[in-house]
Amino acid sequence: MHGIVFWNEQFIQTFWDSEFKNETEKFVSNLYTWQDARTDLKFLTKLPKPRSHLKAYSGYGCNTIFWLKENQPEILSNFKQCGTIQDLIVSILCNQGKPVMSTHNAASWGYFDVIDCSWNVDILIEANFPVHLLPSVVQPGINVGTLYETIYHIPKGAVVVIATLTAMTDAVINISTSAQVAFVAKTIETQCDGVEYFPYFENQFLAVAASLNGGNVLDFFVKSVLSWVSALGLTITEDELWNRL
């Protein structure tokens with residue numbers, strides 16, 4: 001949810017035209033995940049302070065844009081849209097131009113005021129941040145469009161609802177590398193390490209604590225096994241170990 005990907009409208013069109021070719025990479029960037037550590041503490045200290053109760057960490061969408069602006073500006077100049085990987089999928093399904101993002105994902109990018117439900121535009125503009133790239137933000141449960149064409153027996157015109165399930169007939173695409181322990185709160189309680197509050201339905205908040213589950217736990221397991229093997233005086237490469245899992 002914290003990650004970011006950039007694209008142009010041509011990429012979405014190639015999906016529906018079934019014309020994915022090598023040059024498609026010109027229309028979409030790599031996915032910069034929450035594990036992108038290039039926005040390290042030294043870099044983060046140079047950035048303006050967000051107007052939000054949530055901290056903005058390394059790998060968060062807005063901080064990644066700040067880093068790219070300073071170190072790889074050609075990435076930003078090559079693309080006109082950006083969002084999380086979920087937002088890209090929604091744009092493809094609805095054949096949309098301007099991406100639409102839920103308040104959940106916007107909060108996970110940093111520089112988003114969950115009370116006013118708006119980006120910190122004034123702070124970002126003052127820092128010469130390319131605010132034109134930021135997606136439109138809507139409340140969860142909003143119908144953001146309809147399916148552009150029939151795909152996998154899902155009929156053309158099926159309503160696409162962002163960030164929610166409202167009925168048993170709805171479907172959801174969940175793309176993630178971990179799991180969370182969460183509960184609903186009416187107000188933002190005292191902040192503590194490991195627990196963050198995100199916008200939820202009916203002006204409530206979702207208190208979320210990430211668990212060691214998914215890709216990150218496998219990575220931790222592999223590194224642990226490598227250290228044990230090394231302590232025993234044996235040799236195996238990390239790639240070999242991954243291949244044997």
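**Exercises: a helix pair**

Helix α1 (residues 9–17) and helix α5 (residues 85–94) have axes that come within 9 Å and cross at roughly 55 degrees. The model is predicted, with local features needing pLDDT of at least 70, side-chain atom pairs pLDDT 80 or more, and totals for chains, interfaces and linings using all residues. Residues are numbered from 1 along each chain as its sequence is written, and side-chain values use heavy atoms, without hydrogens and water.

**Exercise 1.** Classify the crossing of α1 and α5 by angle.

*Solution.* Step one: take the angle, roughly 55 degrees. Step two: apply the classes (under 35 degrees roughly parallel, over 145 roughly antiparallel, 65 to 115 roughly perpendicular, the rest oblique). Therefore α1 is oblique to α5.

**Exercise 2.** List the residues where α1 meets α5, then sort them by class.

*Solution.* Step one: contact means heavy atoms within 4.5 Å. Step two: F11, I12, F15 and W16 in α1 meet L88, S91, I92 and L93 in α5. Step three: the contact has seven nonpolar, one polar and no charged residues.

Terms used:
Axes fitted to C-alpha atoms, helices over the stretch in contact; angles between N-to-C directions. Helix = DSSP H or I, 4+ residues; strand = E, 2+ residues; numbered from the N terminus. Nonpolar A, V, L, I, M, F, W, Y, C, P; charged D, E, K, R; others polar.
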